[in-house]
Amino acid sequence: MWLTNSSIGRKVVMSVTGLFLILFLTFHALMNAVSLISFDAYEAVCEFLGANWYALVGTAVLAAGFVIHIIYAFWLTLQNRKARGTDRYEVSARPKTVEWASQNMLVLGIIVLCFLLLHLFHFWAKMQLPEIMGEAPLRGKEALELAFSQVWVLPVYLIGFVAIWFHITHGFWSAFQSLGAANEKWIERFKCIGWWWATCVMALFAIEACYFTWFFAF
Amino acid sequence: MEKNISFKLKVWRQKSPKAQGQFVTYDVNDIPTDTSFLEMLDIVNEQLIEKGEEPIVFDHDCREGICGMCSLYVNGHPHGPATGATTCQLYMRRFNDGDTITVEPWRSAAFPVIKDLMVNRNAFDQIQQAGGYVSFNTGGAQDANAIPISKVAADEAMDSASCIGCGACVAACKNGSAMLFVSAKVSQFALLPQGRAEAKKRVKAMLSKMDELGFGNCTNTGACAAECPKNIKLSNISRLNREFLGAKCSD
(Lines give C-alpha, C1' and ligand atoms only; values in the text may rest on other atoms or scores of the structure.)
Protein backbone atom coordinates (compact mmCIF):
# COMPACT_ATOMS: atom_id res chain seq x y z
CA MET A 1 0.00 0.00 0.00
CA TRP A 2 1.67 3.18 -1.17
CA LEU A 3 0.13 5.29 1.61
CA THR A 4 2.27 3.40 4.11
CA ASN A 5 5.34 2.22 2.22
CA SER A 6 6.28 5.26 0.10
CA SER A 7 7.64 8.47 1.60
CA ILE A 8 5.28 10.67 -0.44
CA GLY A 9 2.31 8.44 0.45
CA ARG A 10 3.04 8.82 4.15
CA LYS A 11 3.24 12.59 3.72
CA VAL A 12 -0.12 12.56 1.91
CA VAL A 13 -1.67 10.88 4.97
CA MET A 14 -0.16 13.59 7.20
CA SER A 15 -1.45 16.33 4.86
CA VAL A 16 -5.01 15.04 4.52
CA THR A 17 -5.45 14.35 8.25
CA GLY A 18 -3.77 17.67 9.10
CA LEU A 19 -6.06 19.69 6.82
CA PHE A 20 -9.07 17.81 8.22
CA LEU A 21 -8.02 18.75 11.76
CA ILE A 22 -7.54 22.41 10.75
CA LEU A 23 -11.06 22.35 9.32
CA PHE A 24 -12.35 20.83 12.58
CA LEU A 25 -10.60 23.51 14.65
CA THR A 26 -12.19 26.20 12.50
CA PHE A 27 -15.71 24.83 13.11
CA HIS A 28 -14.90 24.34 16.79
CA ALA A 29 -13.87 27.98 17.18
CA LEU A 30 -16.98 29.17 15.34
CA MET A 31 -19.32 27.01 17.45
CA ASN A 32 -17.68 28.27 20.64
CA ALA A 33 -18.17 31.81 19.39
CA VAL A 34 -21.93 31.30 19.73
CA SER A 35 -21.45 31.43 23.51
CA LEU A 36 -19.95 34.92 23.24
CA ILE A 37 -23.35 36.07 21.98
CA SER A 38 -25.72 33.93 24.05
CA PHE A 39 -25.27 30.99 26.40
CA ASP A 40 -28.80 29.79 25.53
CA ALA A 41 -27.82 29.53 21.87
CA TYR A 42 -24.66 27.69 22.95
CA GLU A 43 -26.79 25.17 24.86
CA ALA A 44 -28.78 24.62 21.66
CA VAL A 45 -25.54 23.82 19.79
CA CYS A 46 -24.45 21.43 22.56
CA GLU A 47 -27.84 19.71 22.52
CA PHE A 48 -27.87 19.46 18.74
CA LEU A 49 -24.59 17.52 18.90
CA GLY A 50 -24.74 15.71 22.26
CA ALA A 51 -24.51 11.95 21.77
CA ASN A 52 -26.74 11.71 18.68
CA TRP A 53 -25.75 9.14 16.09
CA TYR A 54 -24.33 11.77 13.73
CA ALA A 55 -22.33 13.35 16.55
CA LEU A 56 -20.94 9.93 17.49
CA VAL A 57 -19.98 9.17 13.88
CA GLY A 58 -18.37 12.61 13.68
CA THR A 59 -16.49 12.01 16.93
CA ALA A 60 -15.25 8.62 15.69
CA VAL A 61 -14.02 10.11 12.39
CA LEU A 62 -12.40 12.98 14.27
CA ALA A 63 -10.70 10.63 16.72
CA ALA A 64 -9.44 8.55 13.80
CA GLY A 65 -8.03 11.74 12.22
CA PHE A 66 -6.16 12.59 15.41
CA VAL A 67 -4.90 9.04 16.01
CA ILE A 68 -3.64 8.54 12.44
CA HIS A 69 -1.97 11.99 12.40
CA ILE A 70 -0.23 11.30 15.73
CA ILE A 71 0.87 7.74 14.92
CA TYR A 72 2.27 8.85 11.54
CA ALA A 73 4.06 11.78 13.21
CA PHE A 74 5.97 9.49 15.55
CA TRP A 75 6.56 6.91 12.83
CA LEU A 76 7.91 9.50 10.35
CA THR A 77 10.11 11.08 13.01
CA LEU A 78 11.65 7.72 13.93
CA GLN A 79 12.35 6.99 10.25
CA ASN A 80 13.83 10.45 9.74
CA ARG A 81 16.11 10.19 12.75
CA LYS A 82 17.34 6.87 11.43
CA ALA A 83 17.96 8.42 8.00
CA ARG A 84 19.92 11.23 9.63
CA GLY A 85 22.46 8.69 10.91
CA THR A 86 24.04 8.20 14.30
CA ASP A 87 26.57 11.06 14.11
CA ARG A 88 25.16 14.55 14.64
CA TYR A 89 26.71 17.77 13.40
CA GLU A 90 29.02 19.57 15.81
CA VAL A 91 27.94 22.95 14.47
CA SER A 92 24.60 23.56 12.77
CA ALA A 93 22.96 26.78 11.72
CA ARG A 94 19.35 27.39 10.69
CA PRO A 95 19.16 29.24 7.36
CA LYS A 96 17.10 32.45 7.53
CA THR A 97 14.34 31.17 5.25
CA VAL A 98 13.71 28.08 7.38
CA GLU A 99 10.84 28.61 9.85
CA TRP A 100 11.48 27.55 13.44
CA ALA A 101 8.13 25.74 13.58
CA SER A 102 8.99 23.57 10.57
CA GLN A 103 11.91 21.98 12.43
CA ASN A 104 10.01 21.48 15.68
CA MET A 105 6.67 20.06 14.54
CA LEU A 106 6.92 16.96 16.76
CA VAL A 107 7.72 18.96 19.90
CA LEU A 108 4.85 21.36 19.13
CA GLY A 109 2.61 18.37 18.42
CA ILE A 110 3.43 16.80 21.79
CA ILE A 111 2.52 20.06 23.57
CA VAL A 112 -0.74 20.12 21.58
CA LEU A 113 -1.41 16.48 22.52
CA CYS A 114 -0.97 17.24 26.26
CA PHE A 115 -3.32 20.19 25.88
CA LEU A 116 -5.80 17.99 24.00
CA LEU A 117 -5.87 15.40 26.80
CA LEU A 118 -6.52 18.12 29.40
CA HIS A 119 -9.21 19.62 27.17
CA LEU A 120 -10.92 16.23 26.68
CA PHE A 121 -10.90 15.75 30.44
CA HIS A 122 -12.46 19.20 30.91
CA PHE A 123 -15.26 18.85 28.39
CA TRP A 124 -15.67 15.56 26.52
CA ALA A 125 -15.39 13.51 29.75
CA LYS A 126 -18.14 15.62 31.31
CA MET A 127 -20.47 16.08 28.34
CA GLN A 128 -20.50 13.39 25.64
CA LEU A 129 -18.94 10.53 27.60
CA PRO A 130 -21.52 10.42 30.44
CA GLU A 131 -24.29 10.67 27.85
CA ILE A 132 -22.87 7.61 26.04
CA MET A 133 -22.65 5.80 29.40
CA GLY A 134 -26.29 6.64 30.10
CA GLU A 135 -25.54 9.11 32.87
CA ALA A 136 -26.58 12.73 33.12
CA PRO A 137 -24.14 14.98 31.24
CA LEU A 138 -23.19 18.51 32.28
CA ARG A 139 -24.79 21.28 30.24
CA GLY A 140 -22.49 23.41 28.11
CA LYS A 141 -22.45 26.39 30.44
CA GLU A 142 -21.91 24.16 33.50
CA ALA A 143 -18.88 22.49 31.93
CA LEU A 144 -17.47 25.90 30.94
CA GLU A 145 -17.97 27.17 34.48
CA LEU A 146 -16.32 24.10 36.01
CA ALA A 147 -13.22 24.53 33.84
CA PHE A 148 -12.79 28.29 33.56
CA SER A 149 -13.68 29.23 37.12
CA GLN A 150 -10.15 28.01 37.91
CA VAL A 151 -7.80 30.81 36.90
CA TRP A 152 -4.82 28.52 36.04
CA VAL A 153 -6.82 27.04 33.16
CA LEU A 154 -6.49 30.23 31.09
CA PRO A 155 -2.66 30.39 30.85
CA VAL A 156 -2.49 26.65 30.21
CA TYR A 157 -5.03 26.96 27.40
CA LEU A 158 -3.16 29.96 25.96
CA ILE A 159 0.07 27.93 25.86
CA GLY A 160 -1.84 25.22 24.00
CA PHE A 161 -3.21 27.82 21.53
CA VAL A 162 0.25 29.24 20.84
CA ALA A 163 1.61 25.72 20.16
CA ILE A 164 -1.30 25.03 17.78
CA TRP A 165 -0.69 28.38 16.07
CA PHE A 166 2.96 27.54 15.39
CA HIS A 167 1.97 24.02 14.32
CA ILE A 168 -0.59 25.29 11.79
CA THR A 169 1.52 28.11 10.35
CA HIS A 170 3.89 25.44 9.04
CA GLY A 171 1.36 22.61 8.66
CA PHE A 172 -1.07 24.53 6.45
CA TRP A 173 1.23 25.35 3.52
CA SER A 174 3.24 22.18 4.07
CA ALA A 175 0.08 20.10 3.51
CA PHE A 176 -0.56 21.72 0.14
CA GLN A 177 3.12 21.33 -0.81
CA SER A 178 2.96 17.61 0.06
CA LEU A 179 -0.23 17.19 -1.98
CA GLY A 180 1.56 18.67 -4.98
CA ALA A 181 -0.72 21.72 -5.11
CA ALA A 182 2.04 24.30 -4.75
CA ASN A 183 4.37 26.02 -7.16
CA GLU A 184 6.72 29.01 -6.90
CA LYS A 185 3.78 31.47 -6.63
CA TRP A 186 1.45 29.32 -4.56
CA ILE A 187 4.00 28.35 -1.90
CA GLU A 188 4.03 32.02 -0.82
CA ARG A 189 0.25 32.32 -1.15
CA PHE A 190 -0.37 29.18 0.94
CA LYS A 191 2.07 30.49 3.57
CA CYS A 192 0.16 33.77 3.70
CA ILE A 193 -3.29 32.12 3.81
CA GLY A 194 -2.05 29.66 6.45
CA TRP A 195 -0.67 32.45 8.64
CA TRP A 196 -3.92 34.39 8.56
CA TRP A 197 -6.06 31.29 8.98
CA ALA A 198 -4.08 30.13 12.03
CA THR A 199 -4.04 33.64 13.48
CA CYS A 200 -7.81 34.22 13.06
CA VAL A 201 -8.82 30.79 14.42
CA MET A 202 -6.43 30.84 17.37
CA ALA A 203 -7.22 34.48 18.19
CA LEU A 204 -10.92 33.56 18.30
CA PHE A 205 -10.14 30.68 20.70
CA ALA A 206 -8.03 33.00 22.84
CA ILE A 207 -10.80 35.62 22.99
CA GLU A 208 -13.29 32.90 23.99
CA ALA A 209 -11.03 31.51 26.73
CA CYS A 210 -10.39 35.02 28.10
CA TYR A 211 -14.13 35.80 28.05
CA PHE A 212 -15.01 32.56 29.90
CA THR A 213 -12.35 33.20 32.53
CA TRP A 214 -13.55 36.77 33.03
CA PHE A 215 -17.19 35.59 33.18
CA PHE A 216 -16.78 32.58 35.48
CA ALA A 217 -13.66 33.26 37.57
CA PHE A 218 -14.11 36.91 38.50
CA MET B 1 41.94 43.91 -0.06
CA GLU B 2 44.04 40.84 0.34
CA LYS B 3 45.47 40.14 3.76
CA ASN B 4 46.69 37.11 5.64
CA ILE B 5 44.63 35.43 8.35
CA SER B 6 45.40 32.80 10.99
CA PHE B 7 42.75 30.56 12.47
CA LYS B 8 42.01 27.21 14.09
CA LEU B 9 40.79 24.47 11.76
CA LYS B 10 38.67 21.86 13.53
CA VAL B 11 38.43 18.89 11.18
CA TRP B 12 36.66 15.54 11.42
CA ARG B 13 39.25 12.77 11.08
CA GLN B 14 38.12 9.19 10.57
CA LYS B 15 40.50 6.45 9.39
CA SER B 16 37.97 4.17 7.73
CA PRO B 17 34.19 3.67 7.36
CA LYS B 18 33.95 1.55 10.51
CA ALA B 19 36.56 3.40 12.60
CA GLN B 20 35.57 5.80 15.37
CA GLY B 21 36.17 9.35 14.17
CA GLN B 22 36.99 12.48 16.14
CA PHE B 23 37.71 16.16 15.68
CA VAL B 24 41.34 17.27 15.37
CA THR B 25 42.22 20.96 15.65
CA TYR B 26 45.02 22.43 13.56
CA ASP B 27 46.54 25.90 13.89
CA VAL B 28 46.66 27.38 10.42
CA ASN B 29 48.76 30.51 9.95
CA ASP B 30 49.16 33.24 7.35
CA ILE B 31 46.63 32.17 4.76
CA PRO B 32 45.95 34.88 2.14
CA THR B 33 42.21 35.73 2.01
CA ASP B 34 42.29 35.29 -1.78
CA THR B 35 42.95 31.57 -1.26
CA SER B 36 40.00 29.30 -1.96
CA PHE B 37 38.83 27.01 0.82
CA LEU B 38 40.09 23.91 -0.98
CA GLU B 39 43.47 25.57 -1.70
CA MET B 40 43.70 26.30 2.03
CA LEU B 41 43.13 22.59 2.71
CA ASP B 42 45.83 21.81 0.11
CA ILE B 43 48.25 24.07 2.02
CA VAL B 44 47.36 22.39 5.33
CA ASN B 45 47.85 18.98 3.71
CA GLU B 46 51.29 20.00 2.37
CA GLN B 47 52.28 20.94 5.89
CA LEU B 48 50.90 17.67 7.28
CA ILE B 49 52.83 15.66 4.69
CA GLU B 50 56.03 17.55 5.52
CA LYS B 51 55.51 16.66 9.18
CA GLY B 52 55.00 13.01 8.20
CA GLU B 53 51.30 13.00 9.13
CA GLU B 54 48.44 11.72 6.99
CA PRO B 55 46.79 14.45 4.90
CA ILE B 56 43.08 15.25 5.30
CA VAL B 57 40.99 13.37 2.75
CA PHE B 58 38.30 15.43 1.00
CA ASP B 59 36.42 15.15 -2.29
CA HIS B 60 37.12 17.62 -5.10
CA ASP B 61 37.42 17.65 -8.86
CA CYS B 62 36.67 20.52 -11.25
CA ARG B 63 37.04 23.34 -8.68
CA GLU B 64 34.77 25.56 -10.73
CA GLY B 65 31.40 24.65 -9.22
CA ILE B 66 30.01 22.38 -11.91
CA CYS B 67 31.02 18.81 -11.13
CA GLY B 68 29.36 18.33 -7.73
CA MET B 69 32.32 16.50 -6.20
CA CYS B 70 33.27 18.89 -3.41
CA SER B 71 31.25 18.67 -0.24
CA LEU B 72 32.23 19.74 3.33
CA TYR B 73 29.92 21.02 6.08
CA VAL B 74 31.66 24.25 7.07
CA ASN B 75 30.56 26.11 10.23
CA GLY B 76 27.10 24.58 10.14
CA HIS B 77 26.42 25.03 6.43
CA PRO B 78 26.87 22.59 3.57
CA HIS B 79 29.37 24.25 1.18
CA GLY B 80 30.09 26.86 3.85
CA PRO B 81 28.58 30.25 4.65
CA ALA B 82 28.38 31.54 1.06
CA THR B 83 24.99 31.08 -0.66
CA GLY B 84 24.56 29.78 -4.19
CA ALA B 85 28.14 28.53 -4.29
CA THR B 86 29.99 25.26 -3.83
CA THR B 87 32.88 24.73 -1.40
CA CYS B 88 35.40 25.16 -4.23
CA GLN B 89 33.88 28.60 -4.88
CA LEU B 90 34.28 29.57 -1.23
CA TYR B 91 37.14 31.95 -0.44
CA MET B 92 38.99 32.57 2.81
CA ARG B 93 37.87 36.22 2.78
CA ARG B 94 34.60 34.90 4.25
CA PHE B 95 36.48 34.19 7.50
CA ASN B 96 38.22 36.36 10.08
CA ASP B 97 41.54 36.28 11.82
CA GLY B 98 41.28 34.17 14.99
CA ASP B 99 38.16 32.22 13.89
CA THR B 100 37.63 28.56 14.62
CA ILE B 101 36.47 26.91 11.41
CA THR B 102 34.67 23.59 11.91
CA VAL B 103 34.74 21.23 8.93
CA GLU B 104 32.57 18.09 8.96
CA PRO B 105 31.59 15.50 6.39
CA TRP B 106 27.99 15.24 5.06
CA ARG B 107 26.11 13.38 7.78
CA SER B 108 23.39 11.03 6.59
CA ALA B 109 22.83 7.31 6.95
CA ALA B 110 22.65 7.04 3.16
CA PHE B 111 26.04 8.81 2.76
CA PRO B 112 28.46 6.77 4.92
CA VAL B 113 31.88 8.28 5.60
CA ILE B 114 34.67 6.62 3.60
CA LYS B 115 37.53 8.50 5.22
CA ASP B 116 37.82 11.87 6.99
CA LEU B 117 35.62 14.30 5.03
CA MET B 118 34.91 12.01 2.08
CA VAL B 119 31.49 10.31 1.97
CA ASN B 120 30.04 7.70 -0.34
CA ARG B 121 27.40 9.36 -2.53
CA ASN B 122 26.82 6.32 -4.70
CA ALA B 123 23.17 6.35 -3.56
CA PHE B 124 22.57 9.31 -5.92
CA ASP B 125 23.98 7.32 -8.85
CA GLN B 126 21.63 4.48 -8.01
CA ILE B 127 18.63 6.83 -7.97
CA GLN B 128 19.68 8.22 -11.37
CA GLN B 129 20.12 4.73 -12.78
CA ALA B 130 16.58 3.87 -11.63
CA GLY B 131 15.03 6.37 -14.05
CA GLY B 132 16.89 9.66 -14.34
CA TYR B 133 17.20 9.48 -18.11
CA VAL B 134 15.22 9.70 -21.37
CA SER B 135 15.20 6.72 -23.73
CA PHE B 136 15.96 7.60 -27.34
CA ASN B 137 15.35 5.28 -30.24
CA THR B 138 18.02 5.34 -32.91
CA GLY B 139 17.31 7.00 -36.26
CA GLY B 140 17.72 10.35 -37.96
CA ALA B 141 17.73 13.39 -35.71
CA GLN B 142 14.43 15.25 -35.63
CA ASP B 143 14.10 18.82 -36.79
CA ALA B 144 14.85 21.13 -33.85
CA ASN B 145 11.53 22.96 -34.10
CA ALA B 146 9.32 19.89 -34.58
CA ILE B 147 8.27 19.89 -30.92
CA PRO B 148 7.18 23.32 -29.65
CA ILE B 149 8.28 24.04 -26.06
CA SER B 150 7.35 27.23 -24.24
CA LYS B 151 10.15 29.49 -23.05
CA VAL B 152 8.78 29.24 -19.48
CA ALA B 153 8.92 25.43 -19.47
CA ALA B 154 12.34 25.38 -21.14
CA ASP B 155 13.77 27.84 -18.59
CA GLU B 156 12.32 25.96 -15.65
CA ALA B 157 13.58 22.61 -16.94
CA MET B 158 17.01 24.18 -17.40
CA ASP B 159 16.97 25.54 -13.84
CA SER B 160 16.08 22.08 -12.51
CA ALA B 161 18.76 20.50 -14.66
CA SER B 162 21.40 22.72 -13.05
CA CYS B 163 21.45 20.35 -10.04
CA ILE B 164 24.98 18.97 -9.80
CA GLY B 165 24.07 16.12 -7.45
CA CYS B 166 26.49 17.16 -4.72
CA GLY B 167 24.21 16.05 -1.86
CA ALA B 168 24.13 19.36 0.02
CA CYS B 169 20.32 19.02 0.23
CA VAL B 170 20.63 15.72 2.09
CA ALA B 171 23.38 17.16 4.31
CA ALA B 172 21.26 20.23 5.17
CA CYS B 173 18.05 18.28 5.84
CA LYS B 174 17.34 17.33 9.44
CA ASN B 175 15.51 14.31 8.03
CA GLY B 176 18.29 13.21 5.68
CA SER B 177 15.82 13.46 2.81
CA ALA B 178 16.92 13.47 -0.83
CA MET B 179 13.69 15.02 -2.12
CA LEU B 180 15.29 18.17 -3.59
CA PHE B 181 17.76 16.13 -5.64
CA VAL B 182 15.14 13.63 -6.84
CA SER B 183 12.63 16.40 -7.55
CA ALA B 184 15.16 18.32 -9.68
CA LYS B 185 16.01 15.20 -11.65
CA VAL B 186 12.33 14.34 -12.14
CA SER B 187 11.37 17.94 -12.97
CA GLN B 188 13.97 18.50 -15.69
CA PHE B 189 12.22 15.79 -17.75
CA ALA B 190 8.64 16.20 -16.49
CA LEU B 191 8.60 19.76 -17.84
CA LEU B 192 9.55 18.75 -21.38
CA PRO B 193 7.49 16.77 -23.91
CA GLN B 194 10.43 14.43 -24.55
CA GLY B 195 10.33 13.41 -20.92
CA ARG B 196 6.56 12.94 -20.66
CA ALA B 197 6.55 9.52 -22.39
CA GLU B 198 8.31 7.85 -19.46
CA ALA B 199 7.21 10.32 -16.76
CA LYS B 200 5.03 7.97 -14.69
CA LYS B 201 7.47 5.09 -14.81
CA ARG B 202 10.36 7.42 -13.98
CA VAL B 203 8.88 9.10 -10.93
CA LYS B 204 7.79 5.81 -9.36
CA ALA B 205 11.13 4.11 -10.03
CA MET B 206 13.27 7.01 -8.73
CA LEU B 207 11.14 7.55 -5.65
CA SER B 208 11.05 3.89 -4.66
CA LYS B 209 14.84 3.71 -5.11
CA MET B 210 15.21 6.80 -2.91
CA ASP B 211 13.05 5.21 -0.17
CA GLU B 212 14.85 1.89 -0.50
CA LEU B 213 18.27 3.53 0.04
CA GLY B 214 17.22 4.88 3.43
CA PHE B 215 16.73 8.60 2.79
CA GLY B 216 14.24 10.30 5.12
CA ASN B 217 10.75 11.71 4.60
CA CYS B 218 10.45 15.35 3.51
CA THR B 219 8.84 17.65 6.09
CA ASN B 220 9.09 20.83 4.01
CA THR B 221 11.50 22.72 6.24
CA GLY B 222 13.12 24.20 3.13
CA ALA B 223 16.67 23.88 4.49
CA CYS B 224 17.65 22.00 1.29
CA ALA B 225 16.69 24.84 -1.05
CA ALA B 226 18.20 27.44 1.29
CA GLU B 227 21.58 25.67 1.24
CA CYS B 228 21.60 24.42 -2.36
CA PRO B 229 24.71 25.73 -4.20
CA LYS B 230 22.71 25.78 -7.44
CA ASN B 231 19.59 27.44 -5.96
CA ILE B 232 17.28 24.57 -6.90
CA LYS B 233 13.80 25.71 -5.92
CA LEU B 234 11.47 24.14 -3.36
CA SER B 235 8.65 24.13 -5.92
CA ASN B 236 10.40 21.17 -7.58
CA ILE B 237 9.45 19.06 -4.56
CA SER B 238 5.80 19.94 -4.98
CA ARG B 239 6.08 18.98 -8.66
CA LEU B 240 7.62 15.64 -7.65
CA ASN B 241 4.72 15.04 -5.24
CA ARG B 242 2.25 15.98 -7.98
CA GLU B 243 3.92 13.69 -10.53
CA PHE B 244 4.01 10.80 -8.06
CA LEU B 245 0.38 11.21 -6.96
CA GLY B 246 -0.70 11.49 -10.61
CA ALA B 247 1.20 8.32 -11.48
CA LYS B 248 -0.26 6.44 -8.51
CA CYS B 249 -3.81 7.57 -9.27
CA SER B 250 -3.55 6.36 -12.87
CA ASP B 251 -2.27 2.91 -11.82
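Which residue in β2(B) is the bridge partner of B:Arg13? The partner is B:Gln22. Keep that pair in mind while walking through this predicted model.

Start with chain B, where the pair sits. Chain B contains 9 helices and 7 strands. Its C-alpha trace spans about 60 × 40 × 35 Å along the principal axes. The chain has 251 residues, and 44% of them are buried. Now consider its contacts between residues at least 6 apart in sequence. Of these, 70% join residues at least 24 apart.

Next, look at the sheet. An open sheet in chain B is formed by 5 strands. Their order is β2-β1-β5-β3-β4, and the pairing is mixed. Two strands stand at the edges: β2 (22–32) and β4 (77–78) of chain B. Each has a single partner strand, so one side of each is left without a neighbour in the sheet.

Strand β1 of chain B covers residues 4–13. It is joined to β2(B) by 9 bridges, and the two run antiparallel. Is β2(B) largely in the open or largely buried? Of its 11 residues, the number buried is 1, so β2(B) lies largely in the open. The count rests on a cut-off: a residue is buried if 20 or more other C-beta atoms lie within 10 Å of its own.

Turn now to chain A. What is it built from? Chain A has 9 helices and 0 strands. Along the sequence its pattern reads α-α-α-α-α-α-α-α-α. Its C-alpha atoms fill a box of roughly 55 × 40 × 35 Å, taken along the principal axes. Here 27% of the 218 residues are buried. Among contacts in chain A between residues at least 6 apart in sequence, 75% join residues at least 24 apart.

A:Phe172 is 23 residues away from A:Trp195 along the chain. The C-alpha atoms of the two are separated by 8.2 Å.

Finally, bring the chains together. How many residues of chain A are in contact with chain B? There are 35, and they touch 39 residues of chain B. On the side of chain A that touches chain B, the elements giving two or more residues are α2 (7–37), α4 (53–84), α8 (153–178) and α9 of chain A. Of these, α4(A) gives the most, with 6 residues. By class, this side of chain A has 14 nonpolar, 14 polar and 7 charged residues.

Terms used: Residues numbered from 1 in each chain as written. Chains lettered and ligands numbered in written order. Predicted model: local features only at pLDDT ≥ 70, side-chain atom pairs only at ≥ 80, totals over all residues. Helix = DSSP H or I, 4+ residues; strand = E, 2+ residues; numbered from the N terminus. Buried ≥ 20, exposed ≤ 12 C-beta atoms within 10 Å, placed from the backbone. Contact = placed C-beta atoms within 7 Å. Pairing = 2+ DSSP bridges. Nonpolar A, V, L, I, M, F, W, Y, C, P; charged D, E, K, R; others polar.
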